[in-house]
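Have a look at the model first, then read on.

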Amino acid sequence: MAVWKSSKFYFILFLVVLFSNICRGFYLPGSYMHTYSEGEEISVKVNSLTSIETELPFSYYSLPYCPPPGGVKKSAENLGELLMGDQIDNSPYRFRMLKNESVYLCTTKPLTELEVKLLKQRTRDLYQVNMILDNLPAMRYAKQKGINIQWTGFPVGYTPSSQSNDDYIINHLKFKVLVHEYEGSGVQIIGTGEEGMGVITEESDKKKANGYEIVGFEVVPCSIKWNPNEMAKHKMYDNLDKVNCPSELEKSQIIREQEKVSFTYEVEFEKSDTRWPSRWDAYLKMEGARVHWFSILNSLMVIFFLAGIVFVIFLRTVRRDLTRYEELDKEAQAQMNEELSGWKLVVGDVFREPECSKLLCVMVGDGVQIAGMAVVTIVFAALGFMSPASRGMLLTGMIVLYLFLGMPAGYVAVRLWSTIKGTTEGWRSLSWSVACFFSGIVFTVLTILNFMLWSSKSTGAIPISLFFLLLFLWFCILVPLTLFGGFMGTRAEPIQYPVRTNQIPREIPSRKYPSWLLVLGAGTLPFGTLFIELFFILSSIWLGRFYYVFGFLLVVLLLLVIVCAEVSVVLTYMHLCVEDWRWWWKAFFASGSVALYVFLYSINYLIFDLRSLSGPVSAMLYLGYSLVMALAIMLATGTIGFIMSFYFVHYLFSSVKID
């Protein structure tokens with residue numbers, strides 16, 4: 001074994017050295033670089049219309065916008081994009097590199113009553129139009145109370161005041177495209193499709209022609225009342241004179257029946273010193289970023305301090321107890337066993353089978369699966385593999401990891417089952433339960449929410465084909481892998497208990513307060529490690545902000561694991577000291593109870609930070625997804641606490657020989 005580990009280490013070291021000689025640099029996030037020659041045509045794509053008011057995405061072409069000449073064509077979407085409700089289509093907006101121009105697109109037919117109602121509703125609900133150029137979202141800058149605020153996308157329209165019944169549509173867009181001159185640095189593309197990663201090699205491609213990289217995409221929306229009769233004389237992509245955005249309402253395009261709306265745009269190219277690997281920096285700037293960093297650091301310091309105190313007190317208490325016991329001779333130990341109370345008195349019951357042992361094994365197996373998925377995903381995200389430039393990649397990676405982690409989930413559940421029962425009988429049923437417990441709950445919630453999205457005709461609704469794909473992944477990949485892991489668990493040796501279990505259970509002394517109250521209170525310490533990060537994650541999901549501090553999230557996750565382990569172990573020891581041998585479930589929920597506080601915090605966030613969220617469908621979506629998130633956190637944190645408590649109890653009772 002030592003030889004194998006040594007050879008494996010040198011083999012990995014050899015690969016690292018070899019790779020470092022071949023490569024000069026490595027660029028991870030985003031899509032691969034594309035260069036454009038002067039005058040080359042560049043196409044703009046459109047994504048779903050989104051709003052923080054309703055959280056229901058809708059198709060861009062659900063509104064009477066100009067269709068592209070060749071018809072609407074969907075871009076390739078990955079699993080994560082489909083589940084997030086992204087619908088990326090082509091658009092009629094086309095630019096030519098380094099050519100500034102003002103262009104006419106089309107004039108609609110007279111607006112019908114239904115179109116007017118839909119436009120007004122989307123305007124009042126603050127829906128944003130999302131455009132993508134070379135994988136960069138359109139960015140808009142605005143001023144609110146003297147503060148510069150950046151947004152992605154632009155509004156469908158605007159209302160002058162809340163008392164006004166008139167709404168105005170955005171029908172003229174002023175684009176600014178920032179470009180950087182490319183001089184050939186030899187970028188070799190790894191991967192296919194839109195998403196990939198570039199490796200900068202030493203052997204530069206000298207023959208590659210110079211070009212321009214797109215490093216910025218900005219938009220200024222306007223509402224202009226064009227003369228429909230004059231505009232109808234133009235053909236699509238005819239050039240127009242440059243226009244200024246009007247400040248008077250009478251020169252803006254109102255939304256009302258029988259109105260013809262003309263859509264135009266202008267584009268201006270500007271050279272920039274920003275290089276292609278840094279082009280996402282502008283999108284990842286958060287308002288109050290300094291507060292974000294200092295809040296997380298303050299939280300980490302407080303939790304490390306509290307966890308250190310708990311750990312030191314615990315070590316001193318247990319070590320003193322064990323040392324005092326081991327220094328006595330056998331006769332003194334026997335006398336001490338009769339006189340002392342505490343954890344030594346439950347030696348014959350501490351490993352007694354808990355209630356609902358099968359459910360416990362299932363939840364621990366699913367917890368291993370979810371915790372492993374979270375750790376691996378955040379590690380890859382911290383390394384830059386799942387940047388915001390790769391839309392849907394984070395969710396897709398999580399699903400793939402969850403599927404393949406079915407093997408360790410089945411293994412852990414079946415081995416725990418054989419340890420508790422002393423036999424592997426029924427392992428197939430247990431493995432099926434592991435594969436279907438959490439996945440079944442998520443699928444049920446997803447189905448209920450999907451019916452609501454279907455009734456709202458939202459692009460967030462999962463198509464039937466994707467439902468069948470999810471079922472295929474579930475029953476043709478996850479279930480077999482979990483069964484295989486369970487089979488491997490039957491081949492592993494059960495964990496041997498260090499003491500025997502009595503036939504008659506010991507009576508548990510009555511307590512002044514219920515033990516579950518202490519279990520629920522224990523979740524406050526793990527919650528203290530993640531509530532600040534939870535705020536930014538919820539803001540990223542529900543307010544359309546980019547989340548990028550995965551390095552800090554990884555630190556918080558590791559800290560959470562430590563705190564969950566300590567809390568469960570300390571609480572288990574406290575219960576054993578009062579002769580309560582039913583520690584199994586309490587160890588699980590001591591750290592798993594953090595999910596209760598996460599769900600309560602989610603409701604608090606809904607009430608105070610998402611006050612503009614309107615409609616029962618939006619509220620049900622939020623609560624449904626929050627419930628799934630809380631359940632996943634409960635299984636993951638509860639499993640961490642339970643496993644550490646199990647090994648602590650095993651070590652504690654194997655350290656002292658009691659007859």
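Cys577 comes out as partly exposed, because its relative accessibility is 30%; buried means under 20% relative accessible area, exposed means over 50%, and partly exposed is in between (1.4 Å probe, protein chains only). Cys436 is partly exposed too, with a relative accessible area of 26%.

Before going further, two notes on the numbers. This is a predicted model, where local features need pLDDT of at least 70, side-chain atom pairs count only at pLDDT 80 or more, and totals for chains, interfaces and linings use all residues. Residues are numbered from 1 along each chain as its sequence is written, and side-chain values use heavy atoms, with hydrogens and water left out.

Now, how many disulfides does the structure hold? There are two, with a disulfide taken as a pair of cysteine sulfur atoms within 2.5 Å. If you number the bonded cysteines in sequence order, the pairing reads 1-2, 3-4.

| Disulfide | S to S |
|---|---|
| Cys66 and Cys106 | 1.8 Å |
| Cys222 and Cys245 | 1.6 Å |

Take Cys66 and Cys106: the angle about their S-S bond is -90°, a left-handed link. Cys66 sits in the loop between β2 (41–46) and α2 (79–84) while Cys106 is in strand β4 (residues 101–107), so this pair ties together parts that are 40 residues apart in sequence. Helices (H or I, at least four residues) and strands (E, at least two) are DSSP runs, numbered from the N terminus. Both Cys66 and Cys106 are buried.

Cys222 and Cys245 make the other bond. This one links distant parts of the chain, 23 residues apart: Cys222 belongs to strand β16 (residues 211–222), and Cys245 to the loop between α4 (228–231) and β17 (262–271). Cys222 counts as buried because its relative accessibility is 3%, whereas Cys245 counts as partly exposed because its value is 33%.

On to the helix. α13 (residues 524–542) bends by about 45° at Leu530, the bend being the angle between axes fitted to the seven residues ending there and the seven starting there. Leu530 is one of the buried residues of α13, which also include Pro526, Gly528 and Trp542. After α13 comes Gly544, with a positive phi near 70°.
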